[in-house]
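Here is a short report for a reader new to this structure. It starts with a pair of helices, then turns to charged pairs, the surface and the chain as a whole.

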Amino acid sequence: RRAALGVSAAALFGALLAEPRAALAASGVPSSTELNKLVVGYRGIVKLVDNWDMETIKCDKFDSAEKCGSSAQRRAAASSNMAQCSCDFNPGRVQEVMGFKSINHPLYMADQIMIRAQPLLPETADFEKYDSAVEMWARKAEDANVMSFTSSWGEANPGGGRDSVAKYLDRSRTAVTDSAELLRTILTMLPVEL
């Protein structure tokens, strides 16, 4: 009996030791595939920033392009019930692009990839600048997430309305723009092609 317990205890102890090693191996330097996820995510953020109103305002598919095709027309329609076309703000799009809606998104937990990528920096790199950019990116990405979430509830809150939705979505836009610049800084320091 003791021999059987001794073997079982040894097997259990060995399994416990193997688990941290596997975790350490899995959390090593990111692969080129993981680094390329950052590039794909960056391109998505740039597309969002460059096409903000088209991406964050949904219009009825039956409305013609003449009535609500321009950015100003879309914004006016989303801000008012009196517009010629039916449009609504879509703050959830920010959360999608920033990687907060799906664990399969390229930017999901991107800050962890960035931290693990630090050993890939050239010896001449400014490590403090990199660390600061990663930290600020995580903050700005979270700010964008929080402001877009707040925007999604702006109309339902007491004293809120479409103007509240627009106000918080604009704050989210600022954070998204800042995060794009920070992510570009990070990517230019890593061995990836933009």
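Predicted model: local features only at pLDDT ≥ 70, side-chain atom pairs only at ≥ 80, totals over all residues.

Which residues make the contact between helix 2 and helix 9? Helix 2 brings Leu38, Val39, Tyr42, Ile45, Leu48 and Val49. Helix 9 brings Arg173, Val176, Thr177, Ser179, Ala180, Leu183, Arg184 and Leu187. Two packed helices are described by the angle between their axes and the distance between the axes.

## Salt bridges

How many salt bridges does the count come to? The count comes to six.

| Pair | Closest N and O atoms |
|---|---|
| Lysine 47 and glutamate 55 | 3.7 Å |
| Arginine 93 and glutamate 96 | 3.0 Å |
| Lysine 140 and aspartate 178 | 3.3 Å |

Take lysine 47 and glutamate 55. Their closest N and O atoms are 3.7 Å apart. That is within the 4 Å cut-off, so the pair counts as a salt bridge. Glutamate 55 has a relative accessible area of 15%. Buried means under 20%, so glutamate 55 is buried.

Arginine 93 is partly exposed at 24% relative accessibility. Glutamate 96 is partly exposed too, at 35%.

Lysine 140 pairs with aspartate 178, with 3.3 Å between the closest N and O atoms. Lysine 140 has a relative accessible area of 21% and is partly exposed. Aspartate 178 is partly exposed as well, at 24% relative accessibility.

Which residues do shared partners join into one network? Lys47, Glu55, Arg93 and Glu96 are joined in this way by salt bridges.

## A nonpolar patch

Now the surface. Ile103, Tyr108 and Met109 form a nonpolar patch there. Together they have about 320 Å² of accessible area. Where is tyrosine 108 placed? Tyrosine 108 lies in the loop between helix 6 and helix 7 (110–116). At 35% relative accessibility, tyrosine 108 counts as partly exposed.

## The whole chain

Step back to the protein chain. Its secondary structure comes to nine helices and two strands. From the N terminus on, the order is α-α-α-β-α-α-β-α-α-α-α.

The protein chain has 194 residues, and buried residues make up 34% of them. Its accessible surface comes to about 11,600 Å². Carbon and sulfur atoms account for 55% of that surface.

Contacts can also be sorted by sequence separation. Among contacts between residues at least 6 apart in sequence, 67% join residues at least 24 apart.

How values were computed
Residues numbered from 1 in each chain as written. Heavy atoms only, no water. Salt bridge = Lys/Arg side-chain N within 4 Å of Asp/Glu carboxyl O. Buried < 20%, exposed > 50% of the residue type's maximum accessible area, 1.4 Å probe, protein only. Helix = DSSP H or I, 4+ residues; strand = E, 2+ residues; numbered from the N terminus. Contact = heavy atoms within 4.5 Å. Areas by Shrake-Rupley, 256 points an atom, 1.4 Å probe, with all protein chains shown as cover. Patch = residues over 30% accessible without salt bridge, like charges linked within 9 Å, V, L, I, M, F, W, Y side chains within 5 Å.
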